[in-house]
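Welcome! Take a look at it first, and then we can go through it together.

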Amino acid sequence: MHRGAGIAASALIVLASIAYGIVRGGHVGKLQAAFHDVGDVGANAAGFRIAGVSFLGQKNVNREEILARAGITGTSSLLLLDVAEARARLMTDPRIADATILKLYPDHLQITIHEREPFALWQKDGRVSVIAADGTVLEAYVAPEFVNLPLFVGAGAETRAKEFVNLLSRFPTLRAEVRASILIAERRWNLKLKNGIDVKLPESEVERALARFVALDKDGKLTSRDIVTIDIRQPDRVIAQLSDAAAQAREVANKDKLKPRKGGSA
C-alpha cells in the first residue's frame, strides 16, 4: 500500500469516527447551526446583511415576537435565510393565520402577516380563553381589552361560536341582553341573560324559537318577571320556572284564595 493511501484511509477513519460521535451524541443540529452561522458571517461580509425589515399587517403580534418566532436575528443574512422555514415557524403562532416573507436584495426583508382577530371568549373546564372566529385559541388568558367579547361556554362551543353569533345578530335586542351562550352536550344552546334568566333553546329550528321568544317577551315582558328559567324547546308551549321567592309568594296567594271568607255560607 502506498503511503498516501494509508494516510487517506486513516483520515477517513478519523472523519468517520467524528461523524459517528456527532450522530450518537445528538449534535447534528448544533453542527448544522454552526455551519449556518459561519455562512451568515461570510454572506454578511459580502454585503448581504439584513439591514432593514418592514412589517405589514401586524396589529396584536409585535415585531420582536415576529422576528423571534421566524428565527431572524441580528446576524442573519438575507442570502442564506430560508424563507419557507421562517414562514413555517411563524405559522406555529396561533395568532397568525398566514404569512409571507419576501427578500428584497441586497439587504432588505419584507414580512407580511394576516392575523386572526380576537372574536369571542370561550370557557371550558373553568378556564377562559380568547378565540378567533374559526375557534382557534389565541390567548390562554383574557386581557382587559377583550373582557367585553361574547362569552361561549362548553366543549365544542368554540367552533360554533361564529355561526351562533350570526344567528343572534338577527335579534339585536336579545343579543344585547345575553351574558353567555352555553352549548349543552354539543347539541343545543342555552342563553344566560344578564338578569340571570336561563333560556333553553331547541336543537333544531333555533331561529324560529328565538323569534317566538322575542315576540313573547315584547308582548308579555317575560324577562322582566321573577323567573329563573324559560324553556322554549317545544314549538307549542313555553314553560317558565319561577324563582323560589316568587313561587312561595304564589303559593301563599293561592292559599289565601282558598280560605273561607267571613259571613260566607257554611
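Among contacts in the chain between residues at least 6 apart in sequence, what percentage join residues at least 24 apart? The figure is 47%. Please keep in mind that this is a predicted model.

**The chain as a whole**
- The chain has 266 residues, and 29% of them count as buried.
- Its secondary structure comes to eight helices and 12 strands.
- The accessible surface is about 17,000 Å², with 56% of that area belonging to carbon and sulfur atoms.

- The mean pLDDT of the chain is 81, and 73% of the residues reach 70 or more.
- Residues 8-20 have a pLDDT below 50, and this stretch has zero contacts in the model beyond near neighbours in sequence.
- Residues 27-40 also fall below 50, but here the model has 11 contacts beyond near neighbours in sequence.

**Aromatic rings**
- A pair of aromatic rings is described by two things, the distance of the centres and the angle of the planes.
- Searching the whole structure turns up two aromatic pairs.
- One of them is Phe152 with Trp189: the ring centres are 5.8 Å apart and the planes stand at 75 degrees, so this pair is edge-to-face.
- Phe152 belongs to strand E7 (residues 151-153) and Trp189 to strand E9 (residues 188-193), so the pair ties together parts that are 37 residues apart in sequence.
- Phe164 and Trp189 also form a pair, and this one is stacked, with 4.4 Å from centre to centre and 15 degrees between the planes.
- This pair links distant parts of the chain, as Phe164 sits in helix H5 (residues 157-168) and Trp189 in strand E9, 25 residues apart.
- Through these ring pairs, Phe152, Phe164 and Trp189 are linked into a cluster.
- Phe152 and Trp189 are buried, and Phe164 is buried too.

**Salt bridges**
- The whole structure holds 14 salt bridges.
- In one of them, the side chains of Lys124 and Asp125 meet at 3.2 Å, N to O.
- Lys124 counts as partly exposed because its relative accessibility is 34%, while Asp125 is exposed at 69%.
- Arg208 forms a salt bridge with Glu205, and their closest N and O atoms are 3.5 Å apart.
- Arg208 is exposed, with a relative accessible area of 60%.
- Asp231 and Arg233 also meet through their side chains, at 2.7 Å from N to O.
- Asp231 is buried at 12% relative accessible area, whereas Arg233 is partly exposed at 33%.
- Salt bridges with shared partners join Glu65, Arg69, Asp93, Arg95 and Glu139 into one network.

**A closer look at Asp93**
- You will find Asp93 in the loop between helix H4 (83-90) and strand E2.
- Is Asp93 buried or exposed? Asp93 is buried, because its relative accessible area is 3% and buried means under 20%.
- Leaving aside neighbours within four places in sequence, Asp93 is in contact with Val61, Arg69 and Arg116.

- Leu79, Leu80 and Tyr105 make a nonpolar surface patch of about 280 Å².
- Tyr105 lies in the loop between strand E2 (96-104) and strand E3 (108-115).
- With a relative accessibility of 48%, Tyr105 counts as partly exposed.

Notes. Residues numbered from 1 in each chain as written. Predicted model: local features only at pLDDT ≥ 70, side-chain atom pairs only at ≥ 80, totals over all residues. Heavy atoms only, no water. Patch = residues over 30% accessible without salt bridge, like charges linked within 9 Å, V, L, I, M, F, W, Y side chains within 5 Å. Areas by Shrake-Rupley, 256 points an atom, 1.4 Å probe, with all protein chains shown as cover. Salt bridge = Lys/Arg side-chain N within 4 Å of Asp/Glu carboxyl O. Helix = DSSP H or I, 4+ residues; strand = E, 2+ residues; numbered from the N terminus. Buried < 20%, exposed > 50% of the residue type's maximum accessible area, 1.4 Å probe, protein only. Contact = heavy atoms within 4.5 Å. Phe/Tyr/Trp six-rings, centres within 6.5 Å; stacked < 30°, edge-to-face > 60°. pLDDT = per-residue confidence, 0-100.
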